[in-house]
Amino acid sequence: MRINPTVSRPLPRLGDEYTRTYFGEWAAGRLVVQHCPECGHWQHYPRALCEKCGATPVFEEQEPAGVVWTYTIIRQMGTEPFRSEAPYPVAMIALAGGIKIMGTITDCEPEQVRIGMRVRGYPVVYGEIGLPFWRPDTSDQPVAGEDGSHG
Ligand SMILES: [Zn+2]
């Protein structure tokens, strides 16, 4: 499946600055994740406070690369554009350091998706919102921090 960027799709509501930052940075091709300067905790989705200590987290850019941690294949969906796009794989992507982000994997057959498969994120841009999608990473570059560090 490939995403057709001219097809309208439901978009997130940009109700707070954290959500605006996250999807706005994706629109520019950058994946940002929150990091706590007090306790070192990384978190996703974006929110006002560190979920561990209550301090104010800061966004830090991450390489939009990870591995499929788990996935399912959506075969039935009642609403467009998802109905026309099914079947499609939806995965939890584990970034370097362990942050997990849910996303749709494109540019391959659903049956080709495997746990541990390397993927790269890319945005499909709707105005100020970049919706993250993921595709197989066919480069020979190892994913930074696959050993669990926060490369
Ligand atoms: Zn913290």
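**Chat about the cores and strands of a predicted model**

Biologist: Which residues touch the most other members in the largest nonpolar core?
Modeller: They are V68, A91, I93, L95, I105, V119 and W134, out of 13 residues in that core. A nonpolar core here is a set of buried Ala, Val, Leu, Ile, Met, Phe, Trp, Tyr and Cys residues joined through C-beta atoms within 7 Å. Buried means 20 or more other C-beta atoms lie within 10 Å of the residue's own, exposed means 12 or fewer, and partly exposed is in between, with C-beta atoms placed from the backbone.

Biologist: Which elements give two or more residues to this core?
Modeller: β5 (88-95) and β8 (129-136) do, and the largest share, 4 residues, comes from β5. Strands are DSSP runs of E, at least two residues, and helices are runs of H or I, at least four, numbered from the N terminus.

Biologist: Before I go on, what kind of model is this?
Modeller: This is a predicted model: local features need pLDDT of at least 70, side-chain atom pairs count only at pLDDT 80 or more, and totals for chains, interfaces and linings use all residues. Residues are numbered from 1 along each chain as its sequence is written.

Biologist: OK, what does I105 touch?
Modeller: Leaving out residues up to four places away in sequence, I105 touches P89, A91, V113, V119, W134 and R135. Contact means C-beta atoms, placed from the backbone, within 7 Å.

Biologist: Which residues does the second core include?
Modeller: That separate core has 6 residues, among them Y22, L31, V32 and V33.

Biologist: Why is β1 largely enclosed?
Modeller: Because 4 of the 5 residues of β1 (residues 31-35) are buried, the strand is largely enclosed by the rest of the structure.

Biologist: And which strands does β1 pair with?
Modeller: Antiparallel β3 (residues 58-62) is joined to β1 by 5 bridges, with Q34 partnered by F59. Antiparallel β2 (residues 42-43) is joined to β1 by 2 bridges, and there H35 stands opposite W42. Pairing takes at least two DSSP bridges.

Biologist: Switching to helix α1, which residues are buried?
Modeller: In α1 (residues 17-27), Y22, F23 and W26 are buried. They cover an arc of only 80 degrees around the axis, so they sit on the same side of α1. That arc is taken from the directions from the helix axis to the C-beta atoms.

Biologist: What covers them?
Modeller: The cover includes β1, β7 (118-126) and β8.

Biologist: What follows α1?
Modeller: G29 does, with a positive phi near 85 degrees.

Definitions and conventions:
Two residues are in contact if their C-beta atoms, placed from the backbone, lie within 7 Å.
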